[in-house]
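Please read it alongside the sequence and the structure.

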Amino acid sequence: MKLFVITGRSGSGKSTVLHALEDEGFNCIDNFPASLLERYVEETTNDQVTQGFAVSIDARSPPSALSQLPEILQALVGDDITPRVIYLDASGPVLVKRFSETRRRHPLEKNETDLRQAIDLETRLLQHLAERADLKIDTTQLSGHDLVQIAKERLVDVDERSVSLLFRSFAYRHGVPVDADFVFDLRCLPNPHWDAELRELTGFDEPVKAFFAKHEVVNHMFQQIVGFLHEWLPQFERQNRVYMTVATGCTGGRHRSVYMAERLAHAFRDSYPNVLVRHREQDGSS
């Protein structure tokens, strides 16, 4: 039985994920008291639930209960259930903008605390959960539809008998994805941007692929990344890790990173049943 603990900073999309899981047959509860989780699971495990359980636990819980949550989750691990912590986050300016647009009050905001101070306090209260999270989702550039799709692909459709691999391309000029487990910098590779005929194309296009095929250094880096992942991913599997995100970055997120992410995803589909590929700058997804 799946048990997801959805947590993260306010405004990052926890309710959206919870509603998405509810639509997929999960028994979901928002703003769940952390101290009651063990009792809740024990009393409802025998209920007729299609998929599993999902609860949202965040900084609205008392700090003492939040500090005990990792121990509570460890106590729940058994043959039939393995809790997974899903941590959602977004950049500080985006969180401020979302609260301003919705005119909602941050749950930790008080008369003597402004919005930015409340966000900073929440960050500190949830830091230990962010570090423990099985999967982090950066929603800075995601629409609600994008986030629902990610929840379905990475939480509902995942076979937990194998690692779920997400290969993601990105542009360094827009920042490194905060939820990446491995980051590979491709800015040292030959850049099609400087070829006028290739500049407006992307790593999906055949002329760009042909450009990379002419440079042995590109294939050399690809082979080394493949070897690294094949050697170390099993170690993470032995530690009961279910979600791994591999990010490939270049300057603009258009040519090198897209090409490499696609090629890596293709290389690992024979070894891992759960392989996804996303391109942050090309499709706006995580």
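Two strands count as paired if DSSP finds at least two bridges between them. The model is predicted.

**Strand E6 and its partners**

- E6 and strand E9 (residues 274-279) pair in the parallel sense, over six bridges.
- Within that pairing, serine 169 has histidine 279 of E9 as its bridge partner.
- E6 also runs parallel to E8, and eight bridges join the two.
- Here leucine 166 stands opposite threonine 245 of E8.

**Burial of E6**

- Eight of the eight residues of E6 are buried, so the strand is largely enclosed by the rest of the structure.
- In a regular strand, side chains alternate between the two faces of the sheet.
- Both faces of E6 are covered.
- Ser164, Leu166, Arg168 and Phe170 are buried on one side.
- Leu165, Phe167, Ser169 and Ala171 are buried on the other.

- Lysine 14 has 7% relative accessibility, under the 20% cut-off, so it counts as buried.
- Aspartate 58 has 2% relative accessibility and also counts as buried.

**Salt bridges: a loop-to-loop pair**

- Aspartate 181 and arginine 241 meet through their side chains in a salt bridge of 3.0 Å, N to O.
- Aspartate 181 lies in the loop between strand E6 (164-171) and strand E7 (182-185), and arginine 241 in the loop between helix H8 (216-238) and strand E8 (243-250), so the pair ties together parts 60 residues apart in sequence.
- Aspartate 181 is partly exposed at 33% relative accessibility.
- Arginine 241 is partly exposed, with a relative accessible area of 22%.

**Salt bridges: a pair within one helix**

- Glutamate 206 and lysine 209 form a side-chain salt bridge of 3.4 Å, N to O.
- Because they are three residues apart in helix H7 (residues 206-213), about one helical turn separates them.
- Glutamate 206 is exposed, at 53% relative accessibility.
- Lysine 209 is partly exposed, with a relative accessible area of 32%.

**Network**

- Salt bridges with shared partners join Lys14, Asp30, Asp58 and Arg60 into one network.

Technical notes: Residues numbered from 1 in each chain as written. Predicted model: local features only at pLDDT ≥ 70, side-chain atom pairs only at ≥ 80, totals over all residues. Heavy atoms only, no water. Buried < 20%, exposed > 50% of the residue type's maximum accessible area, 1.4 Å probe, protein only. Salt bridge = Lys/Arg side-chain N within 4 Å of Asp/Glu carboxyl O. Helix = DSSP H or I, 4+ residues; strand = E, 2+ residues; numbered from the N terminus.
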